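Here's a quick tour of one protein chain. Have a look at the picture first, then we'll go through it topic by topic.

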Amino acid sequence: MKISIDDRKKVDASDDELFYNKPRYVNHLSSSFRTRLTKIYKEYICNHYVVLDLMSSWVSHLPHNIKYKKVIGHGLNEAELRSNKRLDSYWLQNLNKKQSMPMEDSSVDIALIVAGWQYLQYPEKVTLELSRILKSESLLIISFTNRAFWSKSPNIWTYSSELNRIEYVKSVLAANHWTVEKIFNEKTYEKKLFGLYSSEGDPFYSVIARNNKSNY
């Protein structure tokens with residue numbers, strides 16, 4: 001997929017490290033979204049897996065009752081990552097400046113990106129690097145909703161419809177030899193007043209793709 005220079009531009013072009021300098025110990029996603037995400041993780045992530053939580057924060061949304069072989073985190077705020085009790089290790093890196101990651105080839109069983117893709121200016125380079133890091137036939141789960149720090153999102157995300165964002169993610173993955181196996185496009189609902197009624201929560205979008213190294 002061809003991404004233009006204008007597509008990659010952001011309203012706030014200042015250094016991302018400055019924007020994320022202070023920790024934000026808040027949930028950026030509704031509780032119904034987080035619950036749905038955790039259910040998907042429980043379905044797709046085995047307990048013997050090495051998990052890469054890319055663009056992570058102080059919470060990873062993994063099932064609380066499952067211990068994985070190893071969970072590796074990445075992000076831009078060290079205080080948040082240090083507070084994330086699910087991470088066995090982590091590193092700091094601005095993926096909009098440098099896409100190569102300090103990890104060995106085929107060292108990860110599954111990679112997760114939640115509420116992070118919308119900030120990538122070079123997603124094609126990131127997915128290419130992830131294909132190196134992940135084992136052959138392993139999965140990448142990219143999840144997002146209609147929320148973002150809009151000033152830090154590239155134009156291609158900000159000015160696209162929600163359905164076009166799904167197509168955008170799919171196109172980038174396909175161009176880098178990933179096979180999209182499953183797409184979730186769902187409504188979520190928040191329980192109100194002790195569960196007596198509910199209101200619509202954050203829409204849930206998730207793209208699950210398989211790493212096809214044999215196609216290179």
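What percentage of the 216 residues in the chain is buried? Buried residues make up 49% of them, where buried means under 20% relative accessible area, calculated with a 1.4 Å probe and protein chains only. Keep in mind that this is a predicted model, where local features need pLDDT of at least 70, side-chain atom pairs count only at pLDDT 80 or more, and totals for chains, interfaces and linings use all residues. Residues are numbered from 1 along each chain as its sequence is written, and side-chain values use heavy atoms, with hydrogens and water left out.

**Overall build**
- The chain has seven helices and nine strands, counted as DSSP runs (helices: H or I, at least four residues; strands: E, at least two) and numbered from the N terminus.
- Its radius of gyration is 17 Å, close to the 17 Å from the globule rule for 216 residues, so the chain is as compact as a globular protein of that length. That radius is taken over C-alpha atoms, and the rule is 2.2 Å times the number of residues to the power 0.38.
- Along its principal axes, the C-alpha trace spans about 55 × 40 × 35 Å.

**Contacts**
- Of the contacts (heavy atoms within 4.5 Å) between residues at least 6 apart in sequence, 69% join residues at least 24 apart.

**Zooming in on Ala111**
- Ala111 sits in strand E4, which covers residues 108-114.
- Ala111 is buried, with a relative accessible area of 0%.
- Leaving out residues up to four places away in sequence, Ala111 touches Leu52, Leu130, Leu134, Leu139, Leu140 and Ile141.
- Trp157 is 46 residues from Ala111 along the chain, and their C-alpha atoms are separated by 21 Å.

Methods: Buried < 20%, exposed > 50% of the residue type's maximum accessible area, 1.4 Å probe, protein only.
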